[in-house]
Amino acid sequence: MKDQFGRRRARRLAIGTAVVLALAGMNGPWVYRFSTAQYHQYEINKPEYKATNGHWDIVEFPPQYRQDTIHAALLHTGKVLLVAGSGNNQDNFDKKKFDTRIWDPVKGTIKKIHTPKDLFCTGHTQLANGNLLIAGGTKRYEKLKGDVTKAGGLMIVHNENPDKPITLPAGTRFTGKGNHKTFVSKDPVLVPRAKKVFDPKTGAFLRNDPGLGRIYVEAQKSGTRYETGTQDNYRIQGLAGPDARNTYGIAQKLALDKKDFQGIRDAFEFDPVAERYIKVDPMNEARWYPTLTTLSDGKVLSVSGLDDIGQLVPGKNEVFDPKTKKWTYTRKIRQFPTYPALFLMQNGKIFYSGSNAGYGPDDVGRDPGVWDVTTNEFTKLPGLSDADRMETSGTVLLPPAQDERFMVIGGGGVGESKLSSRKTRLIDLKAKNPRFVDGPELEKGTRYPQSSILPDDTVLVSGGSEDYRGRGDSNILQARIYHPDSNSFTRVADPLVGRNYHSGSILLPDGRVMFFGSDSLYGDKANTKPGTFEQRIEIYTPPYLYRDSRPSLSGGPRTIARGASGTFTSDHASSIRKVRLIRPSASTHVTDVDQRSVALDFKVSGDRITVTVPKNRDLVQSGWYMLFVDDDQGTPSKAQWVKVP
């Protein structure tokens with residue numbers, strides 16, 4: 001029986017070999033691809049490969065928990081907030097289907113969260129109390145030319161009465177004095193009173209500067225016959241007496257052109273402990289694609305965005321006070337493109353790298369510089385290469401934050417341009433005369449690069465696409481680690497999932513990096529099939545987590561004031577070489593102005609490590625941080641959460 005079994009086995013092997021050889025003769029490339037893919041999997045899973053290059057793993061949520069994640073933030077509970085809103089899906093918007101998930105990367109649990117408004121393309125930042133401030137979102141989806149049936153556009157309402165403002169309700173009719181065509185407002189508008197202007201020398205009255213209100217109007221009926229081609233003055237129906245004399249509208253062309261997204265004023269705090277949204281006072285301006293930057297006093301600056309009529313907010317920036325939960329305008333006006341990369345500097349001023357996410361004139365607010373919000377003074381910074389390719393570029397504050405060195409990565413031309421940049425640009429803001437210089441180049445022109453600060457003072461740079469929204473199947477399946485000390489990149493393991501528009505990355509407390517999102521315009525190289533949103537999460541485990549051991553860190557206080565110290569315990573205390581305080585990320589649209597890694601002074605005594613937080617509140621804003629220690633091999637501990645009040 002044994003010999004008979006052996007003969008049968010030999011016969012099966014012979015038949016199998018013959019089949020493989022026949023397939024090789026008929027379809028050699030298929031066999032090559034199969035064997036190459038198998039061999040690649042074998043290679044990237046070798047322990048020695050992981051120890052040099054790291055490793056990628058895909059996390060696919062159960063179908064009922066999947067969503068089109070646009071925004072993500074690490075909460076001080078260790079969980080990750082994943083926000084979709086309507087997820088760039090018109091059907092979801094029309095059905096008021098707005099999604100948020102909370103994911104626990106340790107336990108693997110997922111929870112659905114009630115989402116009160118469409119927080120698609122909102123802004124967000126970490127607050128001192130541990131909540132996440134979220135402001136803005138979507139009021140209306142864009143309408144492409146061809147889908148617009150009623151002529152419409154922007155109406156500027158003038159109020160020349162210096163004694164009182166005037167409110168016009170939704171449905172107000174505006175009739176052109178020259179074209180005699182009538183347009184109807186979609187929303188109410190408050191038009192402030194006129195401002196009296198006096199001669200500064202004599203005090204004599206000179207004139208009234210009218211108060212201005214902005215409102216979207218559209219024709220009452222569909223068709224091209226209701227379009228206008230030139231500017232006209234508009235009489236407002238329903239007004240009488242002084243109101244009729246003092247109030248009027250002026251509009252440029254009102255046509256069937258594309259209508260951009262419109263923003264909302266709504267603002268919320270997300271409470272990580274209660275795991276719910278808490279409504280706070282709305283912003284003064286509606287915003288879609290805004291940037292929120294935390295200031296040294298814990299207040300939050302809200303900048304740019306498209307307003308409730310789809311126009312770029314005209315430089316009217318505002319500040320949220322977490323104590324009063326209210327918003328106030330800044331004293332001066334300064335305009336930026338949408339999602340501008342704005343970082344708090346150690347002198348309290350704001351660094352603008354030039355990175356942005358797209359909407360806005362190509363000649364307004366594009367120059368990088370240092371902005372003093374109080375005085376509105378803006379000092380331009382020279383030397384930026386590929387300055388015409390800054391849309392969809394990424395900017396990261398290199399570790400440690402005390403050095404105040406930034407890297408700007410890749411980018412593309414304005415709008416749907418096919419131009420993309422291979423450049424990285426570096427700038428030292430502590431230099432006597434700061435200017436950008438080129439860093440190491442990327443292999444390909446890269447839009448939408450994701451970048452995450454790692455606890456060993458390196459930066460992971462991954463993904464992106466060569467063309468707008470991955471057009472032409474141009475996703476870049478490459479990752480690199482940037483070493484600030486040597487100004488060099490090291491190529492590491494390739495990601496498994498392409499990431500372009502609507503994607504981002506988040507450093508987790510265990511030292512791994514989470515990647516989310518991607519919204520390709522097309523699904524094929526020929527650009528003939530619509531793209532699908534990437535719902536899978538991917539985790540990168542850096543090489544430092546494939547070493548024999550990592551330092552432990554435990555105990556210690558939950559709160560350490562600026563300038564104060566706290567003592568922690570580690571079985572590997574004698575080997576500790578660095579201590580880093582890393583602010584948790586809040587990422588969207590290649591914009592993450594929250595993340596920063598602050599170096600802490602420390603002393604070791606036995607198994608005890610005493611760390612000291614710097615005094616500068618511009619360097620260390622109030623809030624929750626991850627505290628990591630690194631050993632003499634550059635291996636980080638798991639983080640301990642520490643609050644800086």
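Biologist: Hi! How do strand E11 and strand E12 pair, and over how many bridges?

Modeller: Strand E11 (residues 173-176) and strand E12 (residues 182-185) pair in the antiparallel sense, over three bridges. Two strands count as paired if DSSP finds at least two bridges between them. Strands (E, at least two residues) are DSSP runs, numbered from the N terminus. This is a predicted model, where local features need pLDDT of at least 70 and side-chain atom pairs count only at pLDDT 80 or more, while totals for chains, interfaces and linings use all residues. Residues are numbered from 1 along each chain as its sequence is written, and side-chain values use heavy atoms, with hydrogens and water left out.

Biologist: Which residue in E12 is the bridge partner of Arg-173?

Modeller: That is Val-184.

Biologist: And what do the six strands close into?

Modeller: They form a barrel, in the order E9-E16-E12-E11-E17-E18, with antiparallel pairing. From one strand to the next, the twist averages 40 degrees; axes here are lines fitted to C-alpha atoms, and angles run from 0 to 180 degrees between N-to-C directions.

Biologist: New topic: how many aromatic pairs are there?

Modeller: The count comes to 25. Rings of Phe, Tyr and Trp (its six-membered ring) pair if their centres lie within 6.5 Å; planes under 30 degrees apart are stacked, over 60 edge-to-face, and the rest tilted. One of them is Trp-56 with Tyr-540, a tilted pair at 4.7 Å centre to centre and 40 degrees between the planes.

Biologist: Where do Trp-56 and Tyr-540 lie?

Modeller: Trp-56 is in strand E1 (residues 55-59) and Tyr-540 in strand E40 (residues 537-541), so the pair ties together parts that are 484 residues apart in sequence.

Biologist: Is Trp-56 buried or exposed?

Modeller: Trp-56 counts as buried, because its relative accessibility is 5%. Buried means under 20% relative accessible area, exposed over 50%, and partly exposed in between (1.4 Å probe, protein chains only). Tyr-540 is buried too, at 0%.

Biologist: What kind of pair do Trp-288 and Tyr-359 make?

Modeller: Their ring centres are 5.3 Å apart and their planes at 80 degrees, so the pair is edge-to-face. Both also belong to a cluster linked by ring pairs, with members including Phe-93, Phe-120 and Tyr-141.

Biologist: Last one: where is Val-273, and is Val-273 buried or exposed?

Modeller: Val-273 sits in the loop between strand E20 (267-271) and strand E21 (276-280). Val-273 is exposed, with a relative accessible area of 64%. Val-273 and His-76 are 197 residues apart in sequence and 8.9 Å apart in space, C-alpha to C-alpha.

Technical notes
Helix = DSSP H or I, 4+ residues; strand = E, 2+ residues; numbered from the N terminus.
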